Amino acid sequence: MDKFVVRGQNPLLGTIKVSGAKNSALPCMAAAILTENEVILENIPQVRDIETERKLLSSMGAEVELGYGRAQHRTRIKCGILSDPVAKYEIVKTMRASSLVLGPLIARTGIARVAMPGGCAIGDRPIDLHIKGLEAMGATINYDHGYLEARSPNNGSGQLKGAHVVFDKITVTGTEDLLMAAALADGESLFENCAREPEVTDLAALLNAMGAKIEGAGTGTIRIKGVSKLHGARHKINPDRIEAGTFLIAGAITGGDLNVDGLNPAHFGALIAKLEECGVKLDLGADHIRVRSSGAANLEAADISTEEYPGFPTDMQAQYMALATQFEGTSVVTENIFENRFMHVGELNRMGANITVQGRTATVRGKTPLQSAAVMCSDLRASASLVLAALVADGETILDRVYHIDRGYERIEEKLRGVGAQIRRMGDVFGKK
Ligand code: EPU
C-alpha cells in the first residue's frame, strides 16, 4: 500500500495548477449513458474515481477511452448498446457516486439494477431522495439481494414522466441523478430545493449541449422540458474547486506565496471570505488566486459551519481544521452535512493538535505546534487535511493508506513538490516482515 513521506516546514512558492473537478466529471460521464452517440469530455482529472467510473460504464457495455499522450485529460464515451444495465456491488462499494447511473440508465433503457450503497467513513449516505424522485416520475422500484431494480412505466417499456419534485433535503448527486432522468422524460419537470453546486451547473451545461432543455441550474428551482432523444457533445469540465481550496490552505499554512492557477474564483465565495477574515492575503485574478502568508501563527481564529453551496463546503472542513490548529485563538467547526466527518481529528491530535469533538461540533485550540508521526488516512478529504498538517509539522510524517487521496487528487505529491514541498510516495516504507 502506498504511503507519503512528508518533511514539513517549507513555505510553498510558485504556481500550482488545478485539475478538472472529479465531482463534475463523475455525473458528466454518467450522462453519456443518455445517448447512443459519442460524448467527449475535456479536462477530466486522472484520479482513481474516474478509473472506477470507466470500469462501471465498460461493465455495462459502453466504449470508454480515457485519453493518453497529449490528450491525457480527455475521455471519449460511446454508449451505443448497453448490454448489461447493472451497477455491480464490487464497483459501487468502492465509490458511492456509482448511484449516479440510476437516473440515466432507467431513462435510456427502461431498467436499471444498481447495488445499494452501504454506509461509508463519513456517514450513512442513503439514496432515498433519488428513489422518491424517480417514483414520482413513474418508476417502479424493487429490492432484491442488496440490489435496487428500477423500471420505467409499463414494466420498463414506457418512458418516465415529467414530475414536480420538492427535495426534502438538498442533495448534490440526487439533483444530478434526477436531472439526467428528467432530460429524457415525457413532459415537463419542475424540481425545487435543488443543490446549487457548480457541479450541478456543469452537468446541466453538458446536458443542454446534448440537446436537453434545462433552465435554472445553479438555483434552487430547475425546469426541464423532456426531449425524446439526446445527441453527442463535447464539453470541458470545470476546474476542481476543492483541490484548489486545498492548495490555498497549503499556501496559507506554510507561510508561502502560492499562485493557484486555472480555477474559477466565482466558486470560492465562502472560502475566500473565511480566509480573509482570518487574515490570509488573497489576490484574485480572472482564473487564479495568489495566496500570501507570513505563517499561520499570524492568523486569527474564525469559526466555520458547513452548508450547502454557496455556504462553506463540507469538502473543505477537514483542510480548514488543519489550518485552525495553527491560528491564534480557538475556532469552532460545525459539520452540518454529514454526521461522521471528523475522522481526521484523532490523527491531527496524534500530531499534537488540541481538538475536542462533541456531536457535530469540533473545538480547535490554536497555536499547537504539530509534530511528525505515522498517521492513517480514512477518507479523501481527511487525507488532504493530514497532508496539510504534515506540511507544517516538525520532522518527517508518514501517511498510510494514501489510496484515499488518489481517489480525488491528481498526483498531489508531484504538484506539491513542484512548489517546494518535500513529499514523496513510497511503496511500503516498513517493508515486509
Ligand atoms: N441524503 C439523504 N438522502 C439522499 C441523498 C442524500 O438523506 O437520498 C443526505 C446525505 O446523507 C447527506 C446530505 O443529504 O447528509 C447531503 O448529501 P448529498 O447527496 O448532497 O451528497 P452526495 O451527493 O452523496 C456530493 C459529493 C461529496 C460532497 C457532498 C456534499 C459527489 C460525487 N460527491 O455527495 O463529495 O461531500 O456532495 O457537498 O459529488 C468528496 O468529494 O470528498 C465528497 C464526499
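**Around the ligand and beyond**

Biologist: How far does a polar side-chain atom of Lys-22 lie from an oxygen atom of the ligand?

Modeller: This is a predicted model, in which local features need pLDDT of at least 70, side-chain atom pairs count only at pLDDT 80 or more, and totals for chains, interfaces and linings use all residues. Residues are numbered from 1 along each chain as its sequence is written, and side-chain values use heavy atoms, leaving out hydrogens and water. A polar contact is a pair of N or O atoms within 3.5 Å; within protein, one must be able to donate a hydrogen and the other to accept it, and residues adjacent in sequence count only if both atoms are side-chain atoms. For Lys-22, the distance to the ligand oxygen is 3.2 Å.

Biologist: How much of the ligand does the protein bury?

Modeller: Asp-315 has a side-chain N or O atom 2.6 Å from an oxygen atom of the ligand. Taken alone, the ligand exposes 840 Å² (Shrake-Rupley method, 1.4 Å probe; for residues, only the protein chains shown count as cover). Of that area, the protein buries 88%.

Biologist: Which helix gives the most to the shell around the ligand?

Modeller: Elements are DSSP runs numbered from the N terminus: helices (H or I, at least four residues) and strands (E, at least two). Those giving two or more residues to the shell are helix 1 (22-31), helix 5 (128-136), helix 6 (172-183) and helix 12 (380-392). With 3 residues, the one that gives the most is helix 5.

Biologist: Which residues come nearest to the ligand?

Modeller: A residue is near a molecule or strand if one of its heavy atoms lies within 4 Å of it. There are 22 residues around the ligand. Those that come nearest are Asp-128, Thr-171, Thr-173, Asp-315 and Ile-337.

Biologist: Which residues have the most contacts inside the largest nonpolar core?

Modeller: A nonpolar core is a set of buried Ala, Val, Leu, Ile, Met, Phe, Trp, Tyr and Cys residues joined through side-chain atoms within 4.5 Å. The largest has 76 residues. Those with the most contacts inside it are Leu-41, Val-101, Leu-179, Phe-191 and Leu-207.

Biologist: Is His-145 buried or exposed?

Modeller: His-145 is in the loop between strand 8 (140-144) and strand 9 (147-151), and has a positive phi of about 50° although it is not a glycine. Buried means under 20% relative accessible area, exposed over 50%, and partly exposed in between (1.4 Å probe, protein chains only). At 77% relative accessibility, His-145 counts as exposed.
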